[in-house]
Structures are given as structure tokens and as C-alpha cells.
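Have the chain in view while you read.

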Amino acid sequence: MRRETYPPIISKMPRLLHGGDYNPEQWPKEIRIADNDLMKQANWNAVSMGIFSWVSLELEEGKFTFEWLDEMMDMQAQNGRVVGLATPSAAAPAWLSKRYPETIRTGSDGVRRKHGNRVNYCWTSPIYRQKTSEMATRLAERYGKHPALAYWHVSNEFGGECHCDLCQEAFREWLKARYGSLDALNAAYWTAFWSHTFTDWSQLESPGEPHGETAIIGLTVDWRRFTSDRIIDFYLNETNALRAAAPGVPATTNLMGTYTGLDPFKIAPHVDFIAWDSYPWFGLTPWDVDSWITTSFIHDLNRGLKGGKPFLLMECSPSSSNWYPVMGLKRPNAHMLEGLQAIAHGADGVQYFQWRQGRGSSEQYHGAVVAHNNRTDARVFQEVAALGKTLGQLTPVAGAPFKAEVALIHDWESAWAIEATVAPRLDKKNYTKTVIEHYEHFWEQGIAVEVIDSECELSGYKMVIAPMLYMIKPGVAERLAQFVKDGGTLVTTYWSGWVDQNTLAFQGGYPEPLRSALGIRVEEIDALYPDQHNQVVVEKSGLLDRGSKYAASELCERVQAETAEVLAVYGEDFYAGDPALTRNIYGKGQAIYVASRNEDAFNRDLFAGLTEQLGIKPCVEGSWTKGVTVQCREGATADFLFVLNCTDKEATITLNEQGLQNAVDGTPAASSFQLPAFGSRVLIRSLTPQQPVALPEVAAPAAS
């Protein structure tokens with residue numbers, strides 16, 4: 001038996017990538033030569049170069065110095081490594097900023113910034129776009145056919161806003177294209193409020209503190225949309241130049257998890273594969289399981305950006321990260337766990353920032369594979385090398401897909417609207433936190449989840465979960481309703497279906513566009529103070545045990561059931577006895593509505609009941625210590641089971657499977673075992689019972 005898998009994300013390296021950011025321009029030639037041998041010892045097969053190298057490539061305007069990069073590209077090819085070659089637009093050289101000050105970003109205060117830092121440029125500046133396009137063209141013409149070139153790494157970590165006159169005019173043109181007329185814009189923004197009606201396009205300006213408009217919610221959300229679109233357009237300005245001069249070379253850029261300044265679902269169609277930078281903060285406790293869960297969620301989000309295709313973990317820290325308040329070290333085993341966690345959730349490679357610690361500047365103490373001591377027997381270097389060796393033994397995992405029957409909606413535009421609206425709480429609205437809380441049960445049980453946005457395709461899922469889907473864009477309610485009619489299960493919550501795409505409240509009550517499917521209407525929403533709580537009391541068994549009680553806090557909606565069945569009610573306050581949990585049979589499916597923000601136990605119990613009812617099972621059944629997860633990737637001839645202990649204690653795992661193999665060497669594996677603190681193990685389950693899976697040793701190919 002053989003299953004279909006995805007092609008490798010990098011055709012020149014058809015295995016799991018292991019490498020990262022390399023900045024040879026910062027080092028003398030003797031260190032560059034030594035680095036080549038050290039990379040072999042670290043089991044690197046890929047490097048990213050050129051990310052902040054503009055001044056080293058163009059010391060003065062029109063004076064190009066590519067010779068050092070020629071040498072480094074040749075060295076990688078000769079040693080079988082592939083290169084993600086970057087365009088250097090993330091950090092402009094000082095000569096460019098001095099000669100063309102209009103290329104520098106202007107803040108929301110209207111003040112143009114000074115040269116320095118990085119990603120400090122205007123998204124719209126014609127001269128900056130011209131210069132970055134010229135550099136991209138030169139790179140593509142020179143290296144487009146180089147044997148080491150694997151993909152283009154376009155710029156770096158896009159983010160931030162520019163409020164200069166050029167961007168203001170571009171924003172007005174964007175608004176004209178979106179609305180067509182001032183009458184339509186004024187209607188969408190409800191500008192009769194506070195006499196905010198616009199009578200000329202020139203009156204429109206970007207919102208924002210400390211001096212800009214903040215009262216028009218639709219304008220604020222449109223500015224977020226515009227900025228995201230500007231970033232994508234800037235990306236395409238470089239990418240189009242690369243593709244024109246070197247067709248056929250894939251291009252991508254590194255995303256930043258749940259960063260809200262760029263909608264990743266909008267840029268996803270324009271990149272050839274998804275890549276993102278993961279820097280989880282474990283606070284003061286590196287054994288914080290919630291941080292591991294959040295990182296897993298973001299991995300699944302990045303996998304969902306292209307419908308389940310594998311992605312690349314473009315950056316992570318080999319050690320500590322220097323922008324956090326406390327630079328805690330990774331504990332023993334944690335680096336292997338972090339790398340395998342990424343692979344378990346769909347990554348086809350693990351890469352780092354950075355290869356070698358710089359001697360100066362702001363990231364001189366950020367973690368690196370090679371520290372200032374230059375030692376290969378250092379703990380971090382050895383852990384990196386061990387992960388590289390393990391990834392080399394997991395070649396059959398590359399391209400292995402997932403089978404997810406559960407979809408979880410995380411919608412960027414809804415998040416922007418929630419952040420901008422002045423209700424029902426002014427802080428701690430917790431949109432992303434709430435979405436992740438609805439993910440936690442599935443992570444614990446080892447049930448695959450696809451993270452999507454509200455406009456993604458829903459067919460193929462048994463259950464769709466849409467927490468706090470505040471904004472309902474055109475067509476979304478219809479797709480959700482059809483999903484339920486066709487037999488799906490929809491779970492949504494308080495503060496869903498309140499506004500349209502322009503952030504205008506729906507007439508007729510909440511959640512107006514979803515009322516038929518949900519069978520309820522919302523009377524009002526109660527915002528609770530930090531020391532206030534209510535109770536959710538289960539009245540009907542089925543999904544939850546009758547008589548069970550759960551704490552509710554922060555937000556409680558008063559709901560009236562229309563066609564929905566009431567499963568639980570509030571236990572306290574003047575709305576005691578009002579519905580708190582409902583179920584509506586609609587067509588062949590059901591729609592569940594959760595009216596309050598409840599304790600974690602509620603989500604666990606509700607989703608346990610639903611997964612049992614719907615026959616949604618984990619990739620492997622068994623029992624394990626809380627804080628352990630088992631994730632599965634479906635290879636061509638076998639399943640790969642990633643057993644991850646995300647706690648600082650030894651964990652016991654028992655899997656209800658026989659005939660398992662250890663993935664790193666193919667030997668028989670016990671179905672019951674212990675893992676140390678932050679321990680991990682990869683097991684193989686053959687698709688053909690009683691027939692072990694052969695694990696060929698695949699050597700890294702020389703780039704050609």
C-alpha cells in the first residue's frame with residue numbers, strides 16, 4: 001500500500017532541511033573557511049545568505065561587489081548545501097537613506113524616522129521600489145542558474161506601517177478602488193456620527209495615535225487591510241523582478257506567527273511555500289506547557305495557509321532569544337523537542353537565526369550555533385548537530401501530509417475589528433488566546449487540526465470551530481450554514497456575527513447572518529470584572545454530563561433560544577436560567593453555540609463529547625501524562641508518530657499499537673515507555689501489518 005505525498009518544498013534537497021542564517025560578510029576569510037567544516041559537523045545541508053547584506057553588495061550607489069558572495073555560493077555548492085538567497089531590502093544602506101530620505105518610514109505621529117535599525121522603509125516609495133527591484137534583478141541574473149540556489153528568500157520579516165504623504169495618497173487610491181464613491185465610503189464608515197462625513201477624498205488620512213483619527217472603526221480596519229496589501233505589493237515588486245530574470249526558482253518570505261500587521265492568508269497564494277520564524281517565550285518557566293501548545297497551534301496555522309502543504313521553519317533560536325525580558329536557556333532535550341515539534345506539525349525543515357554570534361551590535365548575545373567561544377563541544381552546538389543527524393534519518397517524513405477532520409478558524413480581519421472596537425472590554429479581548437484555548441483539547445488528545453480563516457474551503461471537515469467570529473464577511477455565513485446543512489458540526493461562541501466587513505453592526509440583532517443555522521438570538525453581552533464569575537450548569541446530558549458546573553468569566557451573553565435546544569444555563573446573577581450552551585439541528589448537521597468564556601475544563605469536556613459523537617479519533621490511541629502529545633504525519637508507506645513530552649517531568653506513554661519501529665534506526669519499539677523531561681521519540685507504524693518499513697540512508701545530494 002502506498003499513499004500520495006507532497007513533493008519536497010526544495011527540489012534540490014529532497015529531504016528535511018537543516019541550516020539557517022549565515023552572514024559571511026561579517027567575518028574574515030579564514031573564519032568563512034573554518035565555518036565550512038563546522039557546518040559539516042553540525043549536519044547542516046542548507047544556508048540562508050544575503051538577508052542584511054545590501055551595503056556589502058553595493059558599497060556605494062552603482063558600485064557592486066558580488067565577489068565575496070560568488071565565493072560563498074560556490075563553497076555551498078561544493079559541499080552539497082543549498083542556499084536560500086535573500087534580497088537585502090530589509091535593511092537599507094546609509095548612503096541610500098541619506099541621498100533619498102523619502103525612502104525612510106514616517107510614523108503615525110507624522111514624523112519621518114532617521115536612518116537605522118531595519119524594516120525602516122516606506123512601502124510605497126517609488127525610488128525604494130526601484131532600487132530593490134534593481135538589486136533583485138542583479139541577484140537573479142547573477143545567481144539564477146547557480147547550482148547552490150534553491151529558493152529566493154524575499155526580504156525579511158515584513159512588518160510595520162508608514163504614514164508618509166506617499167502612503168496617504170496610496171491609501172486614498174486604495175479606498176477609491178474599494179468603495180467607488182464617497183457616498184459608499186461614508187455609508188460604510190457611519191460617518192454621520194460626530195460629523196465625520198467626508199466630502200473630498202483628500203480629507204481621508206491614516207488613523208492612529210497620537211494625533212490621528214481613532215473613532216471610525218471601519219477606517220482603522222481598512223488601514224490594517226491597506227497596510228497588509230501594501231506589504232504584499234512590496235513583496236511582489238521584488239518577486240516579479242526575480243522571476244523575470246530567473247524563472248522557475250521558488251520564492252518565499254518569512255512570516256511571524258500570529259503577528260497582526262500582515263494577513264498571512266492573503267500573502268499565502270503569492271509564495272511558493274510557507275516559511276515562518278518561531279521564537280516561543282517560556283517566560284520565567286521554560287517548562288510552561290501553554291507555550292508549547294501555542295507554538296504547535298502556530299505551526300498548524302502555517303500548515304493551513306496552503307491547504308495542508310508542508311512549510312519551512314525558517315528561523316528559531318538554537319539557545320536563548322535576546323529580545324525577551326529574561327534570556328532563559330533551553331533545558332536539556334528541549335532543542336530536539338522543539339525541532340521535532342515543528343516536523344510533527346508539518347515542517348519539512350528546521351533552520352536557525354543564527355549560525356555564528358556576532359561580536360557586536362544588538363543581537364551579539366542572541367543564541368547561535370557557534371557561540372563566541374567557537375567550541376564544537378559546547379552543549380548548544382552538540383544539540384544542534386544531534387537534531388541535524390536525526391532529521392537526516394527521517395528523510396521519509398519529507399512531504400508527508402496530515403489528515404485533519406477538525407478545522408479551527410483564526411481570522412485576521414475579525415481580529416483587527418475586535419482590537420479596534422470600543423466594547424465590551426477595552427483591554428484583554430483575548431481573541432487569539434481564545435482560539436488557542438479551543439485548540440488545546442485536540443493537541444492533548446493527538447487529534448490533527450487545520451487552522452484556517454473564515455473564507456477557506458470547509459468541505460472535508462467533520463467539525464469547524466469558529467470562536468469569537470465577530471466579523472462576518474460576504475459569503476461566510478452562507479458557507480458555514482451550508483457546511484452544517486450538509487452534515488457538518490459548527491461550534492461558535494459569544495461575540496460572533498456582530499458586524500459586517502465594514503464593521504457595521506447587523507440590523508435585526510446578533511448573530512443575524514448565522515441565526516438560522518444557530519437557532520438563537522443574542523439579547524446583550526455582560527462584561528465581568530476580574531473578580532466576577534458566573535456558572536454554566538448542564539441541564540441535558542449527551543455532550544456534557546447533566547449537573548456538571550463550569551466557571552464562566554469575562555464575557556457572558558444573554559441568549560434566547562429560537563429553534564435551538566438548550567443544553568446548559570447560567571447558574572447565577574439576574575440571567576440565571578438563561579441559555580449558556582445550545583445545539584441547533586440544521587439540515588443534516590448541528591450548530592453548537594457557547595454563550596460565555598468558560599474555564600478550560602468546559603472546552604475539554606465539550607470537545608471530548610463532540611469527537612466521540614462524530615467518530616473523530618486521534619492518530620493513535622493510548623494514554624499518556626498530561627503535557628504529552630502524539631502527532632502523526634502520513635508518509636507514503638507508513639505513519640510517523642511524534643511523541644513529545646512538553647513538561648519538565650518524566651512522562652509515561654502507552655500506545656495501543658503493536659509492531660511499531662523506532663524511526664531513527666528501524667528497530668522494534670515498545671508500545672509502553674517513559675520519556676525524560678522534554679523528551680521526544682519518533683515511531684513508525686507500517687501501512688502493511690507485520691512488514692517493517694525499510695529506512696534507506698539517503699545521502700545529501702550535491703547541488704547541481
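The lining of the largest pocket splits into 16 nonpolar, 20 polar and 9 charged residues. Here Ala, Val, Leu, Ile, Met, Phe, Trp, Tyr, Cys and Pro count as nonpolar, Asp, Glu, Lys and Arg as charged, and the others, Gly among them, as polar. This is a predicted model, where local features need pLDDT of at least 70, side-chain atom pairs count only at pLDDT 80 or more, and totals for chains, interfaces and linings use all residues. Residues are numbered from 1 along each chain as its sequence is written, and side-chain values use heavy atoms, with hydrogens and water left out.

The largest pocket holds about 1200 Å³ of space. Of its 45 lining residues, Phe52, Arg118, Glu157, Trp323 and Glu363 sit closest to the centre. Helix H10 (289-304) gives the most to this lining, with 5 residues. (Helices, H or I with at least four residues, and strands, E with at least two, are DSSP runs numbered from the N terminus.)

The second largest pocket has a lining of 19 nonpolar, 7 polar and no charged residues.

What's the difference between a pocket and a cavity? On a 1 Å grid over the protein atoms alone, a cavity is a set of points where a 1.4 Å probe fits but cannot get out, while a pocket is an open set with protein on both sides within 12 Å along at least five of seven lines; lining residues have an atom within 4 Å of a point. Points are joined across faces, edges and corners, and a volume is the space filled by probe spheres set on them.

There are 6 cavities of 30 Å³ or more. Here are two of them:

| Cavity | Volume | Lining by class |
|---|---|---|
| Largest | about 90 Å³ | 7 nonpolar, 6 polar, 1 charged |

Residues lining the second largest cavity include Phe158, Met256 and Trp412.

Now for the sheet. Three strands form an open sheet in the order S23-S26-S28, with antiparallel pairing. Strand S23 (622-624) and strand S28 (672-675) are at the edges with a single partner strand each, so one side of each has no neighbour in the sheet. S23 pairs with strand S26 (residues 651-655) over 3 bridges; two strands count as paired if DSSP finds at least two bridges between them. Glycine 622 stands opposite leucine 655 in S26.
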